[in-house]
Structure formats: C-alpha cells, structure tokens
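Walk me through this protein model.

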Amino acid sequence: MGTLVRAPRLFVDGRLTGPGVVTLEDDGISSVSLAGAPDSDGLAARNGASEEIVLPDGVLTPGLIDLQINGAFGVDFADARPGDWRMIRSALLRTAVTAFAPTLITAAPDRLAASLVDIDDAAREMLHGSRILGAHVEGPFLSPDYHGAHDASLMRDPTPDALDVLLQGPRPLILTLAPERRHALEAIARLTAAGCLVSVGHTAATATQVHSAADAGARMVTHVFNAQRPLGHREPGTAGAALTDPRLTVGMITDLRHIAGEIVALIFRAAAGGVVLVTDAVAAMGITSDRTVLGGADVYLDDEGLPRRADGTIAGSVLTLDQAVRNAVSCGVDPAQALQAVTRTPADLVGRADLGRLAPGASADLVWWSDDWEVRDVWVGGVRALDAATRSA
C-alpha cells in the first residue's frame, strides 16, 4: 500500500506543470499523474494508497543534490566523526538537500585517502537522512597561482604514484584538478576509467588546455569564474571554455558574493542545461559562531557573513542550497532552470538515474516548496523529514 502526494504544481521533466499526483511505494516513486488532478478519493482507491497527502499550495520537486560542500553545522568534513555524520545528514534535510558529496580540500594524498574511508563508512550507515553520494576531492593537484583558500605548499602533480594512493580504497566520486599540471591529461583518463567524475578547477588553464581536459574525459568545471584563469576577449580562459564546451557542466556558487547577479543570469543563458548550483559551504553554515575551520585552518566570518582566511582570502560560503535556488530566481533565472540545476543535472552528472527526478522508479526524495520558494517539507526514501505539511487520510 502506497502514499499519494497531491500538489497544485510539480517539477517534472525540466518544467513546472500541474496539478498532479505522485504515488510512493516503499522508498520509491511508482507513478506520476499529471492528468488533470483527478478526484483524490478515486485516485487513492485506484492506486491502492493507504495514505493521501494533499499539499494545498506550492510546488513539489525532487530532493536537492549538492556536489560541493566542505562542511556545515559546525563540522568540517575533513575531521568529521561518526556522530557528526549522523547529525549532518539529518540537519541537511532542513535545507532540502537529500543527497550530497562531502568535499575535501587540498591535503596530502594519504590524508585524503583516510578521509575517503571515513566518508565511505558514513555513507554505508543506514540512516533516515541526506544520502552521501561519495566524496568530492578538491586537490591537491591544483595550481598554486589560483590556490584560493587551499594550502599551496601541499599542491603537487597528479603522478601515477599519487593517484595510486587515492584509488587504493574507496574512490572519489568527483576529483577537481588543474589540467595544465604535468601528468594531468593522463590522470584525467585514468580517473575517468575508474569511474570518477573529473572537474577542472583552481587552475591557470587556457581555453585550449580546458578543451584538452574535456577530450581526456573531464566533464565539469568547479565553481566557474572563481579561482581560475578569467574570461578574456582574446584568451577565453577557463571560464570561457567552460561556457562554450558542451561537454562541460559548470558548478556555480550563487551566494551573490562569489558571482554577481548579472553574471549568474549570464551563465544560465550561456550554458543552458549545463549548470549545477553548489554551496561550497564550510562548517560555519547553519551556526551562529563567527570562527570555524576549513581543512584544518581557521576561518572567520566577515561583517557580511562571508568566510575568510586570516589573510582575507574567501574560504567557501555559508550558503544553503535552497537559498541558492531563491538567489538564482531573484537574478531573473527561470525557476525551472534553477530547479534543474539542483536536481536532474547533478544527478545525471554523477550517474544517478534514481535521483533528481519525479518519475516512476526514482527514489522517493521530494521537496514541498511554498509559492515563494521556501521549504515546507522534505521526504527521503518516502519518509517525511519535516513537519510542516497538512495531511488528509
């Protein structure tokens, strides 16, 4: 016996439509009906539903997916303990994130490999909370010229020996590197063959070098426009290549501090269908403390709430992914485009056809939004996480 969720609007196949009904069976979606919202009693009876939930307003969408988040709620993922992971996985549901890729910044390969084991252990724990998809390893194969908040002294070439360390146990889901480094193209090919998504980031790469990375298998660019060779009218740089190469999906931090609102709108137009919104959040996200850590180094919040290193370098964000959607919409981005960038596009990018969509066979990860895009309720695997909705049995 399933659960029927009836909504005035749904996000299905990249567009906002409705009214409609989603039927949940066990932890998955068994059907999606957009046929004029038939009378609920009749539909429930026909589908054998044991429960019916009627959403009086707003929009029902798939759960959100964050492919770059370094920490949250006081925890830096590089130092997270088992109890921290349980708390994080539960707390992230309040931000509509039902799946995420914990991100590890530059460290020695053996230190990163140990963290990959910890993340894999956390992902395997059965828990009603946000799903851990696998780790995003951002470094150490980056450019010291664009190190950002990373420790440049730990950066190195992606030699076969270094990759051996990272691939000896649980493998990264995503690995960000600078394609201009020695051995980088060979490393991209090897990582891709091993099932890792390679992203270009923290890089001085020219457009030609970025296209070569795509030739070798890279399919993403990490936080476009930030910590990379800028867009130029004669040398397109990393950003120019990212926005024009259809093989590449661009990650973007829409806290409106990393990128201006006009550029957010421009990126959505230039890379239509190839944008993923990420938070790049650090441990300060979701707490009131103005002092936390990132990768073992102190981070403070400036007067406007932006995380920074002691030298003033921006160090991630305190953005939540639901706020990223609201910010994109406030920049004039079509809500359907913004939703696609936090659901179907990231899911497809990491090969998860069971996530990021309202469709039969997909996991029953859902978000109920208000009409002004505030999160009202969340389901993970068909189980409700928040207590904001009204039900009728």
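Glu-186 sits in helix H5. Helices (H or I, at least four residues) and strands (E, at least two) are DSSP runs, numbered from the N terminus. Glu-186 is exposed, at 54% relative accessible area. The classes here are buried (under 20% relative accessible area), exposed (over 50%) and partly exposed (in between), with a 1.4 Å probe and protein chains only. Ile-69 lies 117 residues from Glu-186 along the chain, and 27 Å separates their C-alpha atoms.

The model is predicted: local features need pLDDT of at least 70, side-chain atom pairs count only at pLDDT 80 or more, and totals for chains, interfaces and linings use all residues. Residues are numbered from 1 along each chain as its sequence is written, and side-chain values use heavy atoms, with hydrogens and water left out.

Now the whole chain. The protein chain has 11 helices and 24 strands. Its radius of gyration is 21 Å, close to the 21 Å from the globule rule for 393 residues, so the chain is as compact as a globular protein of that length. That radius is taken over C-alpha atoms, and the rule is 2.2 Å times the number of residues to the power 0.38. Along the principal axes, the C-alpha atoms fill a box of roughly 65 × 45 × 45 Å. Of the 393 residues, 57% are buried. Take the contacts (heavy atoms within 4.5 Å) between residues at least 6 apart in sequence: 67% of them join residues at least 24 apart.

What does the surface look like? The chain exposes about 14,900 Å², and carbon and sulfur atoms supply 49% of that area. Areas come from the Shrake-Rupley method with a 1.4 Å probe; for residues, only the protein chains shown count as cover. Charged side chains number 32 positive and 48 negative, and the centres of the two sets lie 3 Å apart. Lys and Arg count as positive, Asp and Glu as negative; His and the chain ends are not counted. Each charge is placed at NZ of Lys, CZ of Arg, CG of Asp or CD of Glu.

Next, helix H6 (residues 207–216). Its buried residues are Ala-207, Val-210, Ala-213 and Ala-214. Down the axis of H6 they fall within an arc of 115 degrees, so they line one face of the helix. The arc is that of the directions from the helix axis to the C-beta atoms. Thr-208 and Asp-215 are exposed on the other side of H6. The cover over the buried residues of H6 includes helix H5 (184–193), strand E15 (197–200) and helix H7 (237–244). Gly-217 follows H6, with a positive phi near 130 degrees.

Helix H2 (residues 82–91) buries Trp-85, Ile-88, Arg-89 and Ala-91. Their arc around the axis is only 165 degrees, which puts them on the same side of H2. Among the elements covering them are strand E11 (97–105) and helix H3 (109–124).

Finally, the backbone. Most residues other than glycine have a negative phi, and most peptide bonds are trans. The bond from Gly-18 to Pro-19 is cis, with omega near 5 degrees. Pro-19 lies in the loop between strands E3 (15–17) and E4 (20–25). The bond from Gly-139 to Pro-140 is cis, with omega near 5 degrees. Pro-140 lies in the loop between strand E13 (136–138) and helix H4 (160–166).

His-183 has a positive phi near 75 degrees and is partly exposed, at 28% relative accessible area. His-202 has a positive phi of about 45 degrees. His-202 lies in the loop between E15 and H6 and is buried, at 4% relative accessibility.
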